[in-house]
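Dear colleague,

I am passing on the structure we spoke about, together with some notes on its ligand and pockets. Please read them beside the coordinates.

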Amino acid sequence: MKFFVDTADIAEIKDLASTGLLDGVTTNPSLVAKSGAKNFIALIEEICGVVDGPVSAEVAATDYPTMLKEGQRLAKIAKNVAVKVPLTPDGLKVCKVLSDDGTMVNVTLCFSAAQAILAAKAGATFVSPFVGRLDDIGQDGLNLISEIVEIYNQYPAIETEVLVASVRNPVHLVESAKMGAHVATIPPAVIRQLYSHPLTEKGLATFVSDWAKTGQSILDAA
Ligand code: E4P
């Protein structure tokens with residue numbers, strides 16, 4: 001499973017990229033606003049220089065002609081830009097045109113299996129079903145992932161990858177991985193939670209203190 005980080009905070013992206021475990025980045029207008037960045041194009045260019053994998057940059061318009069122009073502008077920033085468009089009739093038209101031109105496209109705001117089928121037909125590189133936001137309204141976000149993976153698996157010609165979005169906790173990630181979702185975009189705080197287990201911390205503390213009792217140093221050994 002590929003790991004993308006869901007943030008527009010360049011310091012966080014640099015820190016997580018240094019782990020060597022980061023495969024890409026997703027941003028959205030809300031995350032850009034939260035980051036305080038004043039130049040969106042410059043921000044995406046900087047992120048694309050830090051991470052080799054896909055970097056999602058979302059269009060701001062909602063009508064077809066303007067979204068298309070914005071998407072084409074964003075695609076010029078770097079080869080690893082994935083233009084993010086909303087799952088609307090106009091957004092999917094833009095997706096088809098950009099995909100046919102060889103640009104990566106991430107279709108966002110997917111909340112149903114029917115929408116995911118449309119995204120695949122429009123040639124999306126990624127479809128982003130929002131798990132947490134479905135949970136928030138009392139639905140089962142993970143069930144949507146299961147449905148989309150099952151449907152896509154019926155058609156080997158579909159190349160669209162299921163990008164699990166709106167991830168709120170490690171369970172969302174683990175369950176999506178069990179279902180075979182291709183990618184998860186994860187907030188930095190949840191990525192850090194993935195490392196943690198009380199028995200790892202307890203076990204390491206014991207090993208460190210027992211090692212000290214041996215009085216040895218691996219680096220100073222003859
Ligand atoms: C996906 O690309 C979105 O940026 C994101 O996952 C939305 O998550 P949220 O529901 O926590 O805002």
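The notes below take the ligand site and then the pocket around it.

This is a predicted model, in which local features need pLDDT of at least 70 and side-chain atom pairs count only at pLDDT 80 or more, while totals for chains, interfaces and linings use all residues. Residues are numbered from 1 along each chain as its sequence is written, and side-chain values use heavy atoms, with hydrogens and water left out.

Oxygen atoms of the ligand lie 2.7 Å from a side-chain N or O atom of Asp-6, from a polar side-chain atom of Asn-28, and from a side-chain N or O atom of Arg-133. Of the 340 Å² of accessible area that the ligand has on its own, the protein covers 85% (Shrake-Rupley method, 1.4 Å probe).

The ligand sits in the largest pocket, where sitting requires more than half of its atoms to lie within 2 Å of the grid points. A pocket here is an open set of points on a 1 Å grid over the protein atoms alone, where a 1.4 Å probe fits, with protein on both sides within 12 Å along at least five of seven lines, and lining residues have an atom within 4 Å of a point. The largest pocket is lined by 18 residues, with Asp-6, Asn-28, Leu-31, Arg-133 and Ser-166 nearest its centre.

Best wishes

Definitions and conventions: Polar contact = N/O pair within 3.5 Å; in protein donor to acceptor, adjacent residues only side chain to side chain.
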